Amino acid sequence: MILNGRVWKYGDGIGATDLVSARYDKEGMSRQWDECAKHVLEDIDPAFAANVQEGDLLVAGSDLGAGHAHYYMAAIMGSAATGLGALLAESVNALFFRAAIDAGVTTWAYPGLSELVETGHLLEIDMTSGSAKNLTTGATAQLEPVSPIVLDILDAGGSKNWALRRAGAGQSSH
């Protein structure tokens with residue numbers, strides 16, 4: 001899986017309610033992901049939701065997604081509904097990470113990645129090999145490759161689809 005997009009870089013501690021404020025809990029609980037998308041990062045970067053483009057990459061510092069699990073899906077699915085190609089960070093809250101992968105939203109911790117990019121740079125990451133290249137500056141880094149099973153889950157669109165695919169659901173028995 002290759003990620004290629006424009007970077008939106010933020011610092012440490014971008015929690016779930018920084019991604020989509022708790023003020024939009026009603027929208028999150030009713031799975032209004034497009035409505036949540038309108039408010040992604042609005043308290044940190046009010047211009048984000050209006051300017052993010054399909055395939056852009058969020059690169060954060062440490063502890064992306066921290067906070068109460070109640071707010072995870074609004075943050076994850078709202079971010080995905082903006083068109084973001086991935087949520088990447090120095091470190092990702094473990095439960096947030098699990099929820100994102102289960103939902104099929106590309107999210108990964110890449111220690112050292114934030115040193116490679118700035119907002120507006122173009123970044124390419126081969127998640128299978130771990131090779132990363134800042135296409136704006138030419139700088140490169142070797143990151144930890146993503147587990148093949150996680151890549152399979154993301155490719156399937158989430159853990160439910162992955163499990164159904166593995167079980168052969170929907171396939172004829174000829």
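1. In this predicted model, leucine 19 touches Ile14, His39, Val40, Leu41, Leu58, Leu64, Ala75, Ser79 and Phe96, with residues up to four places away in sequence left out of the count.

2. Leu19 is also one of the residues with the most contacts inside the largest nonpolar core, which has 29 residues; the others are Leu41, Phe48, Leu58, Leu64, Ile76 and Phe96. Two or more residues each are given to this core by α1 (16-19), α3, β2 (57-60), α5 (72-81), β3 (86-89) and α6 (94-102). The largest share, five residues, is that of α5. Apart from this core lies another, of 24 residues, including Leu88, Ile101, Ala132 and Trp162.

3. Strand β2 is covered on both faces: Leu57 and Val59 are buried on one side, Leu58 and Ala60 on the other. In a regular strand, side chains alternate between the two faces of the sheet.

4. β2 runs parallel to β1 (residues 2-9), joined by three bridges, and parallel to β3, joined by four. Leucine 58 of β2 is the bridge partner of tryptophan 8, while alanine 60 stands opposite alanine 89 in β3.

5. Aspartate 45 deserves a separate entry. This residue sits in the loop between α3 (33-37) and α4 (48-51). Aspartate 45 is buried but has no salt bridge: arginine 6, the nearest side chain of opposite charge, is 9.6 Å away. What joins the side chains of aspartate 45 and tyrosine 10? A polar contact of 2.7 Å does. Beyond its neighbours within four places in sequence, aspartate 45 is in contact with Trp8 and Tyr10.

Definitions and conventions
Residues numbered from 1 in each chain as written. Predicted model: local features only at pLDDT ≥ 70, side-chain atom pairs only at ≥ 80, totals over all residues. Heavy atoms only, no water. Buried < 20%, exposed > 50% of the residue type's maximum accessible area, 1.4 Å probe, protein only. Lys, Arg positive; Asp, Glu negative; His and termini not counted. Salt bridge = Lys/Arg side-chain N within 4 Å of Asp/Glu carboxyl O. Polar contact = N/O pair within 3.5 Å; in protein donor to acceptor, adjacent residues only side chain to side chain. Contact = heavy atoms within 4.5 Å. Core = buried A, V, L, I, M, F, W, Y, C linked by side-chain atoms within 4.5 Å. Pairing = 2+ DSSP bridges.
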